[in-house]
Amino acid sequence: AIAGKADKYMVITGLGHLKHYTGVPDCVHEYLRQEALLNPNVQHRNVALDLLLSLTRPPIKSSVQRPSFSGIGSTLIGCQMMYEVYLEETYPPMIKAAAKAEDNEMEEDVKRKLLIDLYLRNPDLLDQYILNAEAVRGPLLQYSDGLAGFKRPCADFLFVYDEDDENEIDEADLQQAELSSNNTQKCPFQHDKSDENDDAKAETIEAYERVGQTAGLRGNAARAKAIMTYLGYTDSDLEYVAADIFNFQGVANPHTVANIQRGECVLDIGSGLGIDSFLAARNCGADVCNKDDVSEAPFVVGVDIAQSEVNHAMARAIDRGLVVPDRIRFIRGDVEKLNDALAKSNLATDNLFDVCVSNGAFCLVPDKQKAFENVFKALRPGGRMAISTTTVSDPKQLDPSFEWPVCVKMFANLDELQAMCEGIGFKNVKIIDAESPLEGMELPADEVADNADSSDKRFKIHGKYSDQYEFLQNMDMDELCKVVTVYGEKP
């Protein structure tokens with residue numbers, strides 16, 4: 001222990017990660033050398049240099065606090081292998097390939113192609129799938145949630161690998177990847193593969209993971225305030241949201257329809273960076289309840305498909321002084337598999353919530369029928385939903401000669417929503433015009449220049465992409481699409 005404050009723990013190693021050559025020392029050493037020499041951030045260079053020194057020096061006993069960048073101590077590397085298994089359980093193209101194969105065992109050449117395509121063409125998405133796997137997050141990243149309750153990570157580096165000599169990337173793979181690459185920035189929801197639904201979901205996850213990764217950077221608060229005001233959020237809403245305002249995500253205001261009452265339990269589908277969940281916590285009273293209140297006290301559960309957004313929302317809930325996880329929690333999940341997400345968080349999968357809200361998430365759900373069925377199942381008898389989503393007024397207007405963004409193709413058919421929800425069992429179904437135009441909203445210019453750098457670095461879903469969808473600029477999007485809030489009650 002250092003100055004009586006450091007965590008005390010035992011590290012047990014065995015042959016599991018040592019019986020074959022994994023390249024851990026060489027990989028870490030080379031990585032640190034590159035960081036120490038080339039990273040433009042001086043702080044990062046200093047940390048890398050310190051760790052390089054630590055790798056070459058034995059730990060020493062000291063009764064004084066270790067100074068920064070002293071080079072004294074040792075580096076601990078946490079290892080986890082078999083990342084292919086995590087991908088097979090979560091990556092949609094792999095799940096689909098396994099489902100088509102006999103005994104759910106996909107052929108090795110199919111697996112190899114999917115792995116190489118993902119690694120070479122979308123390495124950021126590969127990283128997200130690996131780091132979000134429970135086998136990695138549980139023992140190696142969620143150090144504060146374990147039995148020991150560590151206050152700091154239990155390792156300096158996380159080395160995730162898979163010993164698989166058959167899946168080496170050769171020169172032909174690299175050449176093929178280079179030929180198929182395109183330097184033009186594309187919309188995150190561009191469709192250029194065979195299975196539209198799987199592609200849309202994978203691209204949605206990738207895009208919103210990037211949103212979550214930059215959510216800590218300050219954005220344009222004035223613009224966000226104008227949008228929320230236009231959508232019907234009140235001054236008290238904006239005051240409560242406060243510093244989180246520039247992370248607003250949504251197409252309307254489901255709260256005006258949901259009418260959340262004190263003491264109710266709320267489910268927020270597609271909770272994003274947490275703003276609508278925070279407002280729901282205020283409305284139901286979860287923000288003033290402590291963890292010792294009775295079990296029937298109000299609580300809010302936000303479900304989002306992007307782990308980085310879940311992480312950000314959870315951190316902000318803690319910063320805001322909310323009781324996590326007893327009164328509010330954020331979990332990673334897919335509304336098409338809502339039961340699994342709730343069960344993994346030790347929550348009941350049936351008849352749990354009084355209200356379900358959603359603000360824009362249903363726009364990009366491929367299977368709307370399944371999503372509404374899962375909402376119906378999660379609601380208690382007498383519960384209600386308020387799902388704000390963008391719809392297509394007339395699908396016949398989607399001229400097949402154009403390559404439409406997948407996000408537009410995913411929008412629900414406005415004329416089918418009421419019958420769909422009634423068929424599932426909802427009563428008193430109403431399709432309420434959210435009066436949320438896609439065009440013509442007057443917004444303020446960007447804030448002062450000192451915020452410009454961080455605002456520009458924030459990843460935005462609806463930004464300027466390549467000219468592949470330039471034809472949309474000549475269309476009346478308010479005529480093509482309509483934003484609505486779908487209301488329904490569970491008998």
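These legends accompany close-up views of a predicted model.

**View 1. Confidence across the predicted protein.** The mean pLDDT of the protein is 76, and 62% of the residues score at least 70. Among the elements, strand β3 (residues 266-269) has the highest mean pLDDT, 98. Helix α19 (residues 452-457) has the lowest, at 54.

**View 2. Residues 1-22, where the pLDDT is below 50.** Beyond near neighbours in sequence, this stretch has 30 contacts in the model.

**View 3. Residues 447-453, where pLDDT stays under 50.** For this stretch the model has 6 contacts beyond four places in sequence. Helix α19, with its mean pLDDT of 54, spans residues 452-457.

**View 4. The crossing of helices α5 and α6.** Helix α5 covers residues 108-121 and helix α6 covers residues 123-132. Their axes come within 5 Å and cross at roughly 115 degrees. Angles of 65 to 115 degrees count as roughly perpendicular, so α5 is roughly perpendicular to α6. On the α5 side, the contact is made by Leu118, Tyr119, Leu120 and Arg121. Pro123, Leu125 and Leu126 make the contact on the α6 side. By class, the contact has 6 nonpolar residues, no polar residues and 1 charged residue.

**View 5. Cysteines Cys356 and Cys363.** Cys356 has a relative accessible area of 0%, and Cys363 has one of 6%. Buried means under 20% relative accessible area, so Cys356 is buried and Cys363 is buried too. A search of the whole structure finds 0 disulfides.

Note on methods. Residues are numbered from 1 along each chain as its sequence is written. This is a predicted model: local features need pLDDT of at least 70, side-chain atom pairs count only at pLDDT 80 or more; totals for chains, interfaces and linings use all residues. Side-chain values use heavy atoms; hydrogens and water are left out. A disulfide is a pair of cysteine sulfur atoms within 2.5 Å. Buried means under 20% relative accessible area, exposed over 50%, partly exposed in between (1.4 Å probe, protein chains only). Axes are lines fitted to C-alpha atoms, for helices over the stretch in contact, and angles run from 0 to 180 degrees between N-to-C directions. Helices (H or I, at least four residues) and strands (E, at least two) are DSSP runs, numbered from the N terminus. Angles under 35 degrees count as roughly parallel, over 145 as roughly antiparallel, 65 to 115 as roughly perpendicular and the rest as oblique. Contact means heavy atoms within 4.5 Å. Ala, Val, Leu, Ile, Met, Phe, Trp, Tyr, Cys and Pro count as nonpolar, Asp, Glu, Lys and Arg as charged, and the others, Gly among them, as polar. pLDDT is the predictor's confidence in each residue, from 0 to 100.
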